[in-house]
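Trainee: Please show me how to read the features of a model like this.

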Amino acid sequence: MAPVLRASGLVKTFGEGRAARRLLDGAELSVEAGELVAVLGRSGSGKSTLLHVLGGLDRAEAGRIEVAGERVDGASERRLAALRRRRIGFVFQFFHLLPELSGEANVRLAGRVRGAHPDAGRRADELVERLGLREVAGLAPSRLSGGEQQRFAIARALVNDPAVVLADEPTGNLDGDSGAEVLHLLRETADEGRALVLVTHDPAATAAADRVLHLEGGRLAAR
Amino acid sequence: MRRWLAAAGIVAAALVAGAAVTVGFALHTGFDRAADAADLPDVIARFAPQRRADVDERVRGLPNLESASYRYELNRVPLTFGRRHTHNGRLEILLGGRRGYEVVEGRDLSGRRGEVVVEQGVARSWGLHPGDTLEVGRAGGLRVVGVVVSPDNVAFPLAKTAKVYVGDLDDERSERIPVNQTLLWVNDRSRTDITLAAARTVAFGLGDLSFITRNGVRVTIDQAAGVVIALLVAFALVALVAAGTMLAAGAHAEVQRRLPGLGVRRALGFTPAGVVAGHARSALVLAAPAAAVGLGLGALAVGGPAEELLLALNQRPAGAALLGPLALAWLVVCGVVVAAASFPAWRAARRPIAPLLRGGELANRRPPRRASDDGLLTMGARFAVAARARWAGSVATIGVCAGVVLLMLGLASLLVQLRDDPAVLGKRYQLTVDARPEQLDSLRAIEGVQAATQRYTVQAADAFRLGEPVRLVAYEGDHVRFDAPPLAAGRRLRAPGEAEVGQGLADALGLRPGSPLATLDPRGRELRLKVVGVVRALDDSGRIAWVSAPTLLGADPGGFGQSVLRLEPGADRPAVIDRLRALGLAPVTVGGATTRNTAFLGILASVLRAVALAVGLVCLYALLQGLAMTARERRGALALLRACGASRADVAAVLTGAAAAVALPAALAAVVLERLVLGPAVTRLAASYAALPLRPGAAQIAAVTVGLLVLAALAAVAVAVRLAREPVVHGLREELP
């Protein structure tokens with residue numbers, strides 16, 4: 001099976017002069033549809049940076065990235081926006097729900113941008129239902145539990161039916177039960193045929209993964 | 001970028017202040033500068049021609065007199081230069097002594113024959129320069145040797161007469177020429193009234209006597225410019241308040257951005273005062289050059305129109321004298337910026353240090369009462385409204401600015417209307433001709449002429465206060481058919497001995513319906529009238545009275561008569577004019593205020609439009625500033641949208657919603673403000689001599705609303721383009737849990 005996400009030779013440096021640190025130094029990654037890959041590493045090792053670069057939220061200094069056959073590296077901002085809209089879903093540690101919008105409206109948000117999935121509205125309804133969020137759908141984020149907020153965030157990531165989901169410490173801000181629930185959801189998401197990259201410190205997360213990679217010295221390696 | 005934006009704001013605010021200060025100061029002080037430069041006399045007395053020796057004997061005995069000079073003034077002298085011609089020239093033969101004018105080009109009269117100096121208004125409108133030859137009545141071709149300014153009246157063609165000066169004859173020749181004008185300079189200007197009273201006493205027996213004082217000239221001219229000055233002073237205050245609000249908002253955002261750094265300083269032991277001093281210094285470094293640039297640009301932008309205005313009023317541009325007020329304005333703008341920057345820093349510096357280090361909100365913001373499911377535009381509007389105090393400040397600032405724009409546009413179109421449409425002032429006739437009364441029937445017979453009558457005018461003065469001139473106007477028959485200025489109080493005149501007076505005259509003499517009005521015509525004959533109505537009129541600054549024809553002709557059978565023609569609706573005016581010319585007449589088309597005022601009104605309209613444009617720029621800046629702050633505060637949310645695939649256009653849509661949430665209420669506030677406050681206030685200012693219908697029209701409201709929305713869209717696109725340049729992840733890092 002051809003990989004849905006493929007990256008090679010990724011280089012990304014932070015800081016300047018003596019303070020410069022090369023967080024990614026030739027990192028390579030390949031994830032197939034339906035595969036959940038967990039990426040571990042020390043704090044500050046560049047795990048989040050890797051996800052940002054893979055998802056087109058930040059640009060690498062060198063390297064090649066392909067998502068569902070489309071090049072991410074060197075793409076224009078307009079092209080990157082289209083890729084993020086239709087091919088990539090993000091889940092963040094701190095949920096990033098907009099406080100002005102209800103939980104459900106946050107899910108629908110991704111379907112409101114121009115060029116979104118034509119069935120985004122229907123999919124938002126289904127996802128809210130499927131993730132057991134119907135009863136709290138109209139509440140503001142400030143009135144939701146951490147687990148509920150992260151489930152809404154996962155639903156938002158899936159509204160446009162992306163081929164790749166990138167999750168940055170999705171359980172990092174949750175208690176054990178909620179974290180387990182979220183990991184279960186992510187596993188289901190991968191099982192539906194999506195490539196899923198999960199950056200985590202959580203040992204429980206590795207149990208749900210098909211593969212576990214470690215980021216050390218700017219490179220990814222299996223252990 | 002932020003510093004550039006803040007500097008741009010200061011430049012915009014200072015530009016408006018500079019424009020207002022320049023025009024306001026120039027107009028307010030123009031007369032005094034011109035009068036000083038021209039050595040304008042304190043009193044000008046006109047009378048029937050007398051032997052100079054006789055007049056000199058009476059003048060020499062006047063108290064408080066410093067010096068006097070004499071002239072012989074000839075009116076209705078034909079002047080011709082090339083294709084330019086007027087029958088209304090005024091030739092002043094100088095008979096020695098001080099001039100009372102300033103030579104602004106060429107040189108003064110030398111005493112040689114064949115020389116003439118011309119007033120600047122004539123030179124400018126006819127393109128005359130020293131060396132040219134001007135045909136002056138029976139004197140023939142005279143060589144122009146200089147151009148002069150005398151601010152005893154507004155300039156030609158705003159004034160009816162074109163003034164030229166000849167003479168400075170030797171004693172022998174000048175003794176043979178009678179005098180009909182004396183210029184008096186007094187030792188103590190505060191005691192001019194004593195000199196004037198004595199002059200009235202010794203002038204017993206002189207015919208056609210009239211006096212005008214330097215102060216009287218100033219009052220008359222100032223009244224014409226008074227509305228503009230009052231507007232500009234009010235506008236300068238509005239601009240400063242708007243600038244202060246904008247700068248305070250900008251400073252608040254800047255302090256918000258620098259909270260962690262501020263916390264670090266406090267943690268390191270800096271006192272709140274030390275932190276504030278640092279902010280004040282940094283604000284001053286930014287404000288000093290930006291304010292100077294803005295004030296300079298503002299002064300340059302309106303300098304041209306203001307100078308034109310002054311020249312039309314025969315006044316002197318401010319020149320270097322403007323530097324003082326501009327320097328004061330610079331201090332005020334810098335002070336406002338420093339205060340605006342220091343206050344939020346002071347508030348922040350006094351907070352506990354830990355929240356500062358976390359970069360928490362400077363103002364505690366309440367969570368929304370209810371969550372919702374909105375589109376991108378509505379979401380943007382919610383972003384803008386979330387910071388309620390700033391939203392209200394922005395709406396107020398832009399609302400006031402847009403209200404001023406609406407007022408300026410209203411005034412400008414009113415001035416154009418005044419210039420072009422006589423009906424605005426109640427004039428219901430369209431043509432005038434110098435015809436004899438017996439020709440009226442043939443005029444009425446012309447196809448397209450609905451009515452024609454004879455109108456008489458006499459230049460008179462109030463019998464008790466001779467400094468107050470009044471023009472008496474009378475029509476054969478009911479004057480309302482031809483001239484119906486809006487009635488402010490009382491009723492229309494119905495019988496001989498009654499008068500409708502202009503508001504300007506009523507204000508000057510304290511007249512109201514029922515008051516007596518006594519006037520003296522140029523030959524010294526008194527006419528007693530009863531005021532029955534007060535009307536709003538622009539002609540002669542409202543110093544005008546309508547009386548019945550028998551009353552006027554009874555007092556002065558030689559009153560200047562003219563035929564006025566009212567045309568049928570849709571009449572072919574050129575054809576009527578052709579028929580009149582075929583009768584050997586020279587018809588004159590009636591304009592608005594008066595035909596000779598068209599250039600002046602055009603200049604005023606262009607000044608107002610220039611100011612409106614400057615205020616429009618302030619609106620754009622305020623929108624940009626507010627939007628940049630919203631984008632800055634909601635950087636994380638906008639980054640999240642982009643992470644979800646939002647394009648630049650989607651981000652622009654959110655920002656457009658935010659800008660529209662400010663622009664639309666601001667447009668509404670502007671209309672309300674103009675209708676309820678600014679319009680009535682300006683109408684009251686002008687009510688001394690005219691009624692100004694200043695309600696904004698639908699087109700003006702639409703123009704301002706659409707203009708604000710266009711500015712909002714422009715600001716949204718500008719901020720969206722800037723946002724799109726930074727990687728999404730930069731914004732996400734700032735989204736706090």
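**Charge, contact and salt bridges**

Mentor: B:D578 sits in helix α16 of chain B, residues 573-582 (helices are DSSP runs of H or I, at least four residues; strands are runs of E, at least two). Residues are numbered from 1 along each chain as written, with chains lettered from A and ligands numbered from 1 in written order. The model is predicted, local features need pLDDT of at least 70, side-chain atom pairs need 80 or more, totals for chains, interfaces and linings use all residues, and side-chain values use heavy atoms, without hydrogens or water.

Trainee: How many residues does each chain give to the contact?

Mentor: Contact means heavy atoms within 4.5 Å. Chain B gives 31 residues and chain A gives 29.

Trainee: How many salt bridges are there between chain B and chain A?

Mentor: A salt bridge is a Lys or Arg side-chain nitrogen within 4 Å of an Asp or Glu carboxyl oxygen. Two link chain B and chain A; B:D650 pairs with A:R114 at 3.5 Å. Over all chains the count is 46.

Trainee: What does the pair A:E35 and A:R211 tie together?

Mentor: These side chains form a salt bridge at 2.6 Å, N to O. A:E35 is in the loop between β2 (21-32) and β3 (36-40) of chain A, and A:R211 is in strand β9 (211-216), so the pair joins parts 176 residues apart in sequence.
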